[in-house]
Amino acid sequence: MDSVEQNTTVQTAVEGAAVTINCQFETTDISPNLFWYQQKANGVPEFMLSKFGSRIQFKERFNGNLNTISKSFPLTIQDVRVSDSAVYYCALRPTVT
C-alpha cells in the first residue's frame, strides 16, 4: 500500500538559514512521482516542486532530494524567510484528497 508520512508537526528556523522538512514514503513503484505543496493561512495548497523519474523540478529556493533506498524526499528551503511560514505537504502520485 502506498503511503506518505510527515512526522514533523512544527518547525522553526532563523531567518536566512536553511530548513529541512522530512517526508517518508512507501510505494511499490520503482520510479515514484513525489510532490511538495505549500499552503499559506486561508489559502489553497500551491505546487512547490516535484520529482518525476530521475529529475527534480525546483522552484526558487526550494529543493528536494529523493532517496529511494531510505524512501525519503525531504524539502529544503534555503535562505528561509518569514513569508515561508506555511503548512507543507508531501504527496505521492496517485494523490488521494
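## A chat about Ile 77 and its surroundings

Modeller: Let's start with Ile 77, which touches Ala 17, Ala 18, Val 19, Ile 21, Arg 61, Phe 62, Asp 84 and Tyr 88, leaving aside residues up to four places away in sequence. Keep in mind that this is a predicted model.

Biologist: Thanks! Which residues touch the most other members of the largest nonpolar core?

Modeller: Ile 77 is among them, along with Leu 34, Trp 36, Phe 62, Phe 73, Leu 75 and Tyr 88. That core has 17 residues.

Biologist: And which elements give two or more residues to this core?

Modeller: Those are β2 (19–21), β4 (34–39), β5 (46–52), β8 (75–77) and β9 (87–92). The largest share comes from β9, with three residues.

Biologist: How many helices and strands are there in the protein?

Modeller: Zero helices and nine strands.

Biologist: What share of the contacts with a separation of 6 or more is between residues 24 or more positions apart?

Modeller: Such pairs account for 51% of those contacts.

Biologist: Changing topic, what is the radius of gyration?

Modeller: The protein has 13 Å, and a compact globule with 97 residues would have a value near 13 Å, so the two agree. Along the principal axes, the C-alpha atoms fill a box of roughly 40 × 25 × 20 Å.

Biologist: Last one: how far apart are the mean positions of the positive and negative charges?

Modeller: They are 6 Å apart, for 8 positive and 9 negative charges.

Terms used:
Residues are numbered from 1 along each chain as its sequence is written. This is a predicted model: local features need pLDDT of at least 70, side-chain atom pairs count only at pLDDT 80 or more; totals for chains, interfaces and linings use all residues. Side-chain values use heavy atoms; hydrogens and water are left out. Helices (H or I, at least four residues) and strands (E, at least two) are DSSP runs, numbered from the N terminus. The radius of gyration is taken over C-alpha atoms; the globule rule is 2.2 Å times the number of residues to the power 0.38. Contact means heavy atoms within 4.5 Å. Lys and Arg count as positive and Asp and Glu as negative; His and the chain ends are not counted. The place of a charge is taken as NZ of Lys, CZ of Arg, CG of Asp or CD of Glu. A nonpolar core is a set of buried Ala, Val, Leu, Ile, Met, Phe, Trp, Tyr and Cys residues joined through side-chain atoms within 4.5 Å. Buried means under 20% relative accessible area, exposed over 50%, partly exposed in between (1.4 Å probe, protein chains only).
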